[in-house]
Amino acid sequence: MRILSGIQPSGSLHLGNYFGMMKKMIDYQQQGELFCFIANYHAMTSLSDGKALARGTLEAAANFLALGMDPQRSTFWVQSDVPEVQELAWFLSNFTPMGLLERCHSYKDKVAKGIAANHGLFAYPVLMSADILLFNSDRVPVGKDQKQHVEVTRDIAIKVNNVYGEIFTLPEPDIDDEVATVPGLDGQKMSKSYGNTIDLFQEEKALRKQVMRIVTDSTPVEAPKNPDSCNLFQIYRLFLDKAGQEALRQRYLAGGTGYGEIKEELFVTIRDYFAPFTERRNALLQDSDQLRQTLQQGADKARREAVRVMRKVRKKAGLAY
Ligand code: TYM
């Protein structure tokens, strides 16, 4: 069973990224063959500041490693260090109907928001398909927002396989209902572009400020509250086991606990949860040469696999003459 996923290094990572994808990937290391990368080519669709992208790439790598990604056990690399993925994307483009990309929600949403569409944004799902198919991935852990992109990958792979025989494995999206869409401060999907995130690894003061900004209703302290419609509960729940969730639910239903008090507890919970990883993250960032070396070794491992698959594709396509 091969498991693969990627994450963009555009800006700081948030609880949606962590629970939707990173934590699952880290836990999966016990079960299968794990491939994980920093999607810096994809980040270029929203970031044209080269220095910021380079810094963000190292930070994203340090975050993932600090949280438990084991580069010995898994294959962990930066997307652009395996340029075969671009060659495969071009190959796949020739099997990608325009209509398939025109129907993609994330593309349509960005256009609807007035973002001027360019070819990079339009072709984003093709590059993502190349990421997945280049490594014959069986399972792709993602949040719900990426489900359609994995379905597009399957459609493209089926088209290629129909023409050339079984070159590609058909991947399955791997989405947990519990964390499919982690809500942000305002209850919409947590997303950097909505400015409603709680970020990993930040100063205590800034973290506290974000938690205090979680939107709640105006039920008075003493009155019973509804946990299911409460955004604060939906975020807090992520840090609790079943018994902890039930205990919090009962406190909501009983009344007498104010949102401010719960927010204060949540702040402490988040702070303490990530505290043990912070030191390791900072140490990794201090020694950026060592970090680059770790990523280079990951890229070498990934590339061996990529070259093997591309050799097959080149032969089938007639590029090897
Ligand atoms: P990205 O960088 O936007 O997000 C990384 C992962 O975090 C998940 N996620 C969420 N999950 C639940 N609730 C949320 N609020 C939330 N916000 C983000 C995303 O679903 C994602 O799994 N296109 C991908 C990166 C990528 C990729 C790939 C993934 C490039 N190539 C190949 C898988 C396979 C992306 O933009 O993720």
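Visitor: How many positive and negative side chains does the protein chain have?

Guide: The protein chain has 40 positive and 39 negative side chains, counting Lys and Arg as positive and Asp and Glu as negative, with His and the chain ends not counted. The centres of the two sets lie 4 Å apart, with each charge placed at NZ of Lys, CZ of Arg, CG of Asp or CD of Glu.

Visitor: Thanks. What should I know about the source?

Guide: This is a predicted model, where local features need pLDDT of at least 70 and side-chain atom pairs count only at pLDDT 80 or more, while totals for chains, interfaces and linings use all residues. Residues are numbered from 1 along each chain as its sequence is written, and side-chain values use heavy atoms, leaving out hydrogens and water.

Visitor: Good. How many helices and strands are there?

Guide: There are 13 helices and five strands in the protein chain. These are DSSP runs numbered from the N terminus: H or I of at least four residues for helices, E of at least two for strands.

Visitor: And what share of the residues is buried?

Guide: Of the 321 residues, 49% count as buried. Buried means under 20% relative accessible area, exposed means over 50%, and partly exposed is in between, using a 1.4 Å probe and protein chains only.

Visitor: Let's pick a helix. Which residues of α4 are buried?

Guide: In α4, residues 84-93, the buried ones are E84, V85, L88, A89, F91 and L92. They fall within an arc of 160 degrees seen down the axis, so they line one face of the helix. The arc is that of the directions from the helix axis to the C-beta atoms.

Visitor: Why would a helix do that?

Guide: An α-helix has 3.6 residues a turn, so residues three or four places apart point the same way.

Visitor: Nice. What covers that face of α4?

Guide: The cover over its buried residues includes α2 (40-43), α7 (119-133), α8 (147-164) and α13 (288-317).

Visitor: And V82, where is that?

Guide: V82 sits in the loop between β3 (75-78) and α4. Its relative accessible area is 2%, so V82 is buried. Beyond neighbours within four places in sequence, V82 is in contact (heavy atoms within 4.5 Å) with residues including W77, L134, F135 and A306.

Visitor: One more: is D176 buried or partly exposed?

Guide: D176 is partly exposed, at 36% relative accessible area. The place of D176 is in the loop between β5 (172-174) and α9 (204-212).
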